[in-house]
Amino acid sequence: MRHLGLWLALASLLLAFEYGLKPQNVGKGIYCYFGKPEAMDRKNNGNMVNSCFVDMGKEWLVIDSGPTYLYAKEASEQISRIKPLPIKHVINTHVHDDHWLGNGYYIENGATVLGSESFDDIDVHQKTRMQNRISEEAYSGTIPVLPQGTLKEDKTIIIADKRVILMQVEEKAHTQDDVYVYIPSHKALFAGDLVFNDRLPSLRDGDINGWISALEKIKEMDIEILVGGHGLRTDRGSLELTLNYLKELKKGIRAILDRGGDISDAVKELSMPHYANEGMYDDLHKANINAAFQMLEWSDE
């Protein structure tokens, strides 16, 4: 009887919480859920990240499963109202948990999940950032489930005669192993957290040189749609905020290093006020200066 009560309590939580997700059409057969340009907390409950669905003809391809089991469930149910296709493939662009904690829902429903090699180093028994920062109600049912396959090199999968190219960034960029998804038939690229707009990027796990290099390569690709991990803009110019910010930050720190300045000079001088209206400026900009300064201080570039 006691176990029945616990089960009913859990079932009640699972049924009670809803994100209110609404898919937005960003191109032919491409729908995305766009999160808020802010940090995860008990108000947004992790709905601060982008998750996309691509109609491949016979199935939906999912890029980034989202922050929780309930998020993935709701996103899947909403997309099935547009077209009732199965979901057989899910791609995780990188290891930050807001992008992959929905994996369990999709795997439970028969999908195969692929991600970068860095997933091999994740301890699923540790509490996630998401678990610590959002409500228990929203996190209900979420169990960290890693990709069944990790990528050691670029990989092409064929879905309904269409190529889906999973491309690995050769250098450390936003994280140690970032993957972006290129679909030539749609002229679409899903960049994960290589691309931010509506808010500043975070350098805490990245490298400014590798990140700039990765974005410069993406900029040369034949694409019409470019969706990042955070932000509403989806045209090919959506990478400009991240690229310009990182290049200006690097240039400013280089100038300070060249004259023998230190990290306190960088924090004092590089306020970059023209980015002050972007989301999370107050939370991230000084941290980015500190991270980038330490990288560039020992860099040959």
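Where does Asn50 lie? In this predicted model, Asn50 is found in the loop between β2 (30–33) and β3 (51–55). Its relative accessibility is 3%, so Asn50 counts as buried. Two polar contacts of the Asn50 side chain involve backbone atoms of glycines. A polar atom of that side chain lies 3.2 Å from the backbone nitrogen of Gly35, and the side chain of Asn50 also reaches the backbone oxygen of Gly228, at 3.0 Å. When residues up to four places away in sequence are not counted, Asn50 touches Tyr33, Phe34, Gly35, Asp64, Val227, Gly228, Gly229, His230 and Gly231.

Aromatic pairing was examined next. The structure holds 10 aromatic pairs. One of them joins Tyr19 and Tyr71, whose ring centres are 5.5 Å apart; the planes stand at 80 degrees, so the pair is edge-to-face. This pair links distant parts of the chain, with Tyr19 in the loop between α1 (2–16) and β1 (24–27) and Tyr71 in helix α2 (residues 69–82), 52 residues apart. Tyr19 has a relative accessibility of 13% and counts as buried, the cut-off being under 20%. For Tyr71 the value is 0%, and Tyr71 likewise counts as buried. A further pair is formed by Tyr105 and Tyr106, with ring centres 5.4 Å apart; because the planes are at 80 degrees, this pair is edge-to-face. Tyr105 and Tyr106 are both buried. Elsewhere, ring pairs link Tyr31, Tyr33, Phe53 and Trp60 into a cluster.

The surroundings of strand β6 were then considered. Strand β6 comprises residues 112–116 and is mostly covered, with 4 of its 5 residues buried. Strand β5 (residues 87–91) pairs with β6 in the parallel sense over 3 bridges. Within this pairing, Val113 of β6 is the bridge partner of Val90. The two strands belong to a right-handed β-α-β unit made by β5, helix α3 (residues 103–108) and β6. Strand β6 is also joined to strand β7 (residues 149–151) by 3 bridges, and β6 and β7 run parallel. Here the bridge partner of Gly115 is Thr150 in β7. Strand β6 therefore has parallel partners in both β5 and β7, as in a regular strand the side chains alternate between the two faces of the sheet.

How values were computed. Residues are numbered from 1 along each chain as its sequence is written. This is a predicted model: local features need pLDDT of at least 70, side-chain atom pairs count only at pLDDT 80 or more; totals for chains, interfaces and linings use all residues. Side-chain values use heavy atoms; hydrogens and water are left out. Rings of Phe, Tyr and Trp (its six-membered ring) pair if their centres lie within 6.5 Å; planes under 30 degrees apart count as stacked, over 60 as edge-to-face and the rest as tilted. Buried means under 20% relative accessible area, exposed over 50%, partly exposed in between (1.4 Å probe, protein chains only). A polar contact is a pair of N or O atoms within 3.5 Å; within protein, one must be able to donate a hydrogen and the other to accept it, and residues adjacent in sequence count only if both atoms are side-chain atoms. Contact means heavy atoms within 4.5 Å. Two strands pair if DSSP finds at least two bridges between them. A crossover is right-handed if, with the strands pointing away from the viewer, the path from the first strand over the helix to the second runs clockwise.
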